[in-house]
Amino acid sequence: MTAAIYHRKLARVLDRMGGLYTLNDILSAIANGKMQSFVERDSWIITQVAIFPRAKTLEVFAAIGDLDDLRILHDRILDFAAEIGAGVIRAYGRKGWLPDAARRGWTVKARYFVYQKEQ
């Protein structure tokens, strides 16, 4: 998969997330260590670490690509979370991902809509 295809898929995800980030924002955050990038063949997972008063979390910001590749990356991000001492891993995804996520031990914490109002 070429970079242009990754960028198009990511642009679609970012649009659905409310347009809060651009590709350049993400690439800059990866370059300065604020986000992390995991790639396997034609798939890409972007993560970021968040620290809360009671936990360090690894947030799966975006996952793009082939499900078989993403399963490999899944195991890598679990290892990374353990390395950095993140006790919680959070991800947001489509309903269609639920069966595979459940088989891998993920539980649904909330089902909700994202509301956005621009001023």
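## A look inside the fold

Let's start in the middle: the largest nonpolar core has eleven residues, namely Tyr6, Leu10, Leu14, Ile26, Ala29, Met35, Trp44, Ile46, Phe61, Ala62 and Ile64. A nonpolar core here is a set of buried Ala, Val, Leu, Ile, Met, Phe, Trp, Tyr and Cys residues joined through side-chain atoms within 4.5 Å. As for the word "buried", it stands for under 20% relative accessible area, while exposed is over 50% and partly exposed is in between (1.4 Å probe, protein chains only). Two or more residues of this core come from each of α1 (3-16), α2 (23-31), β2 (43-52) and β3 (55-64). These helices (H or I, at least four residues) and strands (E, at least two) are DSSP runs, numbered from the N terminus.

Before going on, keep in mind that this is a predicted model, where local features need pLDDT of at least 70 and side-chain atom pairs count only at pLDDT 80 or more, while totals for chains, interfaces and linings use all residues. Residues are numbered from 1 along each chain as its sequence is written, and side-chain values use heavy atoms, with hydrogens and water left out.

Which residues does Ile26 touch, if those up to four places away in sequence are not counted? Ile26 meets Leu10, Leu14, Tyr21, Met35, Ile46 and Phe61, where contact means heavy atoms within 4.5 Å. Apart from this core lies another one, made of ten residues, including Ile45, Leu58, Leu73 and Ala86.

Now for the sheet. It is open and has four strands, in the order β1-β2-β3-β4, with mixed pairing. Two strands count as paired if DSSP finds at least two bridges between them. In general, strands of a sheet pair through backbone hydrogen bonds, either parallel or antiparallel. At the edges you'll find β1 (35-40) and β4 (88-91); each has a single partner strand, so one side of each is left without a neighbour in the sheet. On average, neighbouring strands are turned by 25° against each other, direction ignored. Axes are lines fitted to C-alpha atoms, for helices over the stretch in contact, and angles run from 0 to 180 degrees between N-to-C directions.

Take β3 and β4: they pair in the parallel sense, over four bridges. Val60 has Ala91 in β4 as its bridge partner. Helix α1 packs on the sheet and touches β1, β2 and β3, with its direction at about 120° to that of β3.

| Aromatic pair | Centre to centre | Angle between planes | Kind |
|---|---|---|---|
| Tyr21 and Phe61 | 4.8 Å | 75° | edge-to-face |
| Phe38 and Phe80 | 5.5 Å | 65° | edge-to-face |

Tyr21 sits in the loop between α1 and α2 while Phe61 belongs to strand β3, so their pair ties together parts that are 40 residues apart in sequence. Tyr21 is partly exposed, at 32% relative accessibility, whereas Phe61 is buried, at 11%. The other pair links distant parts of the chain too, with Phe38 in strand β1 and Phe80 in helix α3 (residues 67-84), 42 residues apart. Phe38 and Phe80 are both buried.

Finally, charged side chains. The whole structure holds seven salt bridges, each a side-chain nitrogen of Lys or Arg within 4 Å of a carboxyl oxygen of Asp or Glu. One of them joins Arg41 and Asp69, whose closest N and O atoms are 2.7 Å apart. Why does this pair tie together parts that are 28 residues apart in sequence? Because Arg41 lies in the loop between β1 and β2, and Asp69 in helix α3. Arg41 is exposed, at 55% relative accessibility, but Asp69 is buried, at 4%.

Arg71 has a salt bridge with Asp68 (2.8 Å, N to O). Those two are three residues apart in helix α3, so about one helical turn separates them. Arg71 also forms a salt bridge with Asp100, again with closest N and O atoms 2.8 Å apart. Since Asp100 is in helix α4 (residues 98-103) and Arg71 in helix α3, this bridge ties together parts 29 residues apart in sequence. Asp100 is buried, with a relative accessible area of 12%. Salt bridges link Asp68, Arg71, Asp100, Arg103 and Arg104 in a network.

Notes: Rings of Phe, Tyr and Trp (its six-membered ring) pair if their centres lie within 6.5 Å; planes under 30 degrees apart count as stacked, over 60 as edge-to-face and the rest as tilted.
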